[in-house]
Amino acid sequence: MKKKHSNLKNFISGGAGGISLVFAGHPLDTIKVRLQTQPHPKFGELPQFNGLLDCAYKTIKNEGFRGLYKGMGTPLLIATPMCAVGFWGYGVGRALQTSRDSLALSNFQILKAGMLSGFLISFMNAPGERIKCLLQVQKGSGSSKVKFKGPVHCAVQIYKESGLRKGLYKGLGFTLLRDIPASGAYFVTYEYAIRNLGIEGKSKSPWKIILAGGSAGILANIVGLPADVMKSRYQTAPADKYRRGLMNIAMQTLREEGLQAFFRGATPMLARAFPANAACFLGYEAATMLQDKFF
């Protein structure tokens, strides 16, 4: 990633990266959420989905291929501002720790800049994630068979029923718990890979950017997965469930399903992480190159 970019360039390039990320990764995100939120089977019962392929097969069989893209409208609509703010926030975090005479940052400084980015995007991410998850776990198709007819309808219904804080922003704490460390890991991994793969300066081989961006996405998702599992469950649960929030979900999940439950959805998440985030950084770098060329 080039060191010297204006805030506006980072904002625009980040938006381009976000759109690329959503198109590349949403089907596997849908599978991840469905695996994370499926009911825990009773004794002698089979789980609703037996892994990534089974979930994909049943979703396509029952709802068509479009079922994998349920809820994409929300992340697509917010992808541009969210990722734009994320890359802008990362740039601000870098600028706060350096001067014009010394632009090189340590890995720890990059980590802190990335964590600032995660903090900022959480406030944009939380309502979008709430809507997306509810649409993703919704079964059936057709306006007469489902509660929510789309992202806007879902948002309006949630607001009418529960308001802003308890409705659209339900799960903000879990989103912060996921996004702050994950975003720090995201940027520090990408920058480290950039330096060690020799992509800086004029060397911008697409396959090297893909490798660096994909690796960053994998590590960031591993870091954020336990909080993501709890977030998905909390955001899709009835209002009277998990009244005590984090500890309630953590202890109940650990007691009933064991430690492995916090890593449910890891397979589709990791399968999604590499191509989605490789696409994100490709989109970011391509937009940056175009801006550098014409502006």
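How many cavities of 30 Å³ or more does a search of the whole structure find? The search turns up 2. A cavity here is a set of points, on a 1 Å grid over the protein atoms alone, where a 1.4 Å probe fits but cannot get out. Before going further: this is a predicted model, so local features need pLDDT of at least 70 and side-chain atom pairs count only at pLDDT 80 or more, while totals for chains, interfaces and linings use all residues. Residues are numbered from 1 along each chain as its sequence is written, and side-chain values use heavy atoms, with hydrogens and water left out.

Let's start inside. The largest cavity has a volume of about 740 Å³, a volume being the space filled by probe spheres set on grid points joined across faces, edges and corners. Its lining has 34 residues, and Leu21, Met82, Asn125, Arg178 and Arg272 lie nearest the centre; a lining residue has an atom within 4 Å of a point. At least two lining residues each come from α1 (7-37), α3 (73-95), α4 (107-137), α7 (172-197), α8 (206-236) and α10 (266-294), helices being DSSP runs (H or I, at least four residues) numbered from the N terminus. The top contributor is α3, with 7 residues. By class, this lining splits into 16 nonpolar, 10 polar and 8 charged residues.

Next, the largest pocket, with a volume of about 520 Å³. A pocket is an open set of points with protein on both sides within 12 Å along at least five of seven lines. Of its 22 lining residues, Arg130, Ser162, Lys166, Lys170 and Ala239 lie nearest the centre. Two or more lining residues come from each of α4, α5 (151-162) and α6 (164-168). This lining has 10 nonpolar, 3 polar and 9 charged residues.

Now for the packing. The largest nonpolar core has 21 residues, and Phe87, Ile110, Tyr186, Phe187, Tyr190 and Phe281 have the most contacts inside it. Such a core is a set of buried Ala, Val, Leu, Ile, Met, Phe, Trp, Tyr and Cys residues joined through side-chain atoms within 4.5 Å, where buried means under 20% relative accessible area (1.4 Å probe, protein chains only). Helix α7 gives the most to this core, with 7 residues.

And the cysteines? The cysteine sulfur nearest to that of Cys55 belongs to Cys133, 13 Å away. Cys83 has its closest cysteine sulfur in Cys280, but at 4.9 Å that is too far for a bond.

Conventions
Ala, Val, Leu, Ile, Met, Phe, Trp, Tyr, Cys and Pro count as nonpolar, Asp, Glu, Lys and Arg as charged, and the others, Gly among them, as polar. A disulfide is a pair of cysteine sulfur atoms within 2.5 Å. Buried means under 20% relative accessible area, exposed over 50%, partly exposed in between (1.4 Å probe, protein chains only).
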